[in-house]
Amino acid sequence: MNIILCGFMGSGKTTVGMELAKIMGRKFIDTDEMIEKEQGIAIKAIFTVHGEEFFRDLEFECCKSISNMKNCVVSTGGGALTFKRNVDVLKQNGKIVLLDADFDIICRRIGNSKTRPLFQDREKAKALYEERKSKYLDAADYVIDGNMSARKTALDIADIFR
């Protein structure tokens, strides 16, 4: 069974995921990285060149292939689990853990990152955070406090699955 991490950008999915995989001796997979590797270009470029719908289809294919894997820790893109088809396919062989971090902590973690286009406008980012939160809660099998250190969060998740 896979452990699928979901949450808003900056909630710690990748950092916690790598730590959790180390603690539990599992393979770590980042869906965005997987898509970039397969496509040979960055997510931002995929959005620009092909549009969001094309990217979401790639993301769904990625989720389908992950559902055939075993004992992985998976970090999903911030929007992936706002789509029911992705949630449904990942739950076939996994449990979803929401890293529930407060918006101000997320802002502190992200800072003034230029690599996060959705964060150039904080008002819009806050609205997106609010909009996605209920979808994350609907998808989640477990909700974990994402405001702690990556190590503490990973240890708390490991305790659930031991």
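A: Happy to! Let's start with Phe 8: its relative accessibility is 2%, so Phe 8 counts as buried, the cut-off being under 20%. Please keep in mind that this is a predicted model. Tyr 129 has a relative accessibility of 8%, so Tyr 129 counts as buried too.

These two residues meet each other. The structure holds 4 aromatic pairs, and Phe 8 with Tyr 129 is one of them: the ring centres are 5.4 Å apart and the planes stand at 85°, so this pair is edge-to-face, given that planes over 60 degrees apart are classed that way. Phe 8 belongs to the loop between S1 and helix H1 (13–24), while Tyr 129 belongs to helix H7, so the pair ties together parts that are 121 residues apart in sequence.

Now for another partner of Tyr 129. Phe 103 and Tyr 129 also form an aromatic pair, this one tilted, with 5.3 Å from centre to centre and 55° between the planes. Because Phe 103 lies in helix H6 (residues 103–110) and Tyr 129 in helix H7, this pair ties together parts that are 26 residues apart in sequence. Both Phe 103 and Tyr 129 are buried. Put together, Phe 8, Phe 103 and Tyr 129 form one aromatic cluster.

In helix H5 (residues 84–91), the residues Asn 86, Val 87, Val 89 and Leu 90 are buried. Among the elements that cover the buried residues of H5 are helix H7 (122–139), strand S1 (2–6), helix H4 (52–66) and strand S4 (94–100).

Key:
Residues numbered from 1 in each chain as written. Predicted model: local features only at pLDDT ≥ 70, side-chain atom pairs only at ≥ 80, totals over all residues. Heavy atoms only, no water. Buried < 20%, exposed > 50% of the residue type's maximum accessible area, 1.4 Å probe, protein only. Helix = DSSP H or I, 4+ residues; strand = E, 2+ residues; numbered from the N terminus. Contact = heavy atoms within 4.5 Å. Phe/Tyr/Trp six-rings, centres within 6.5 Å; stacked < 30°, edge-to-face > 60°.
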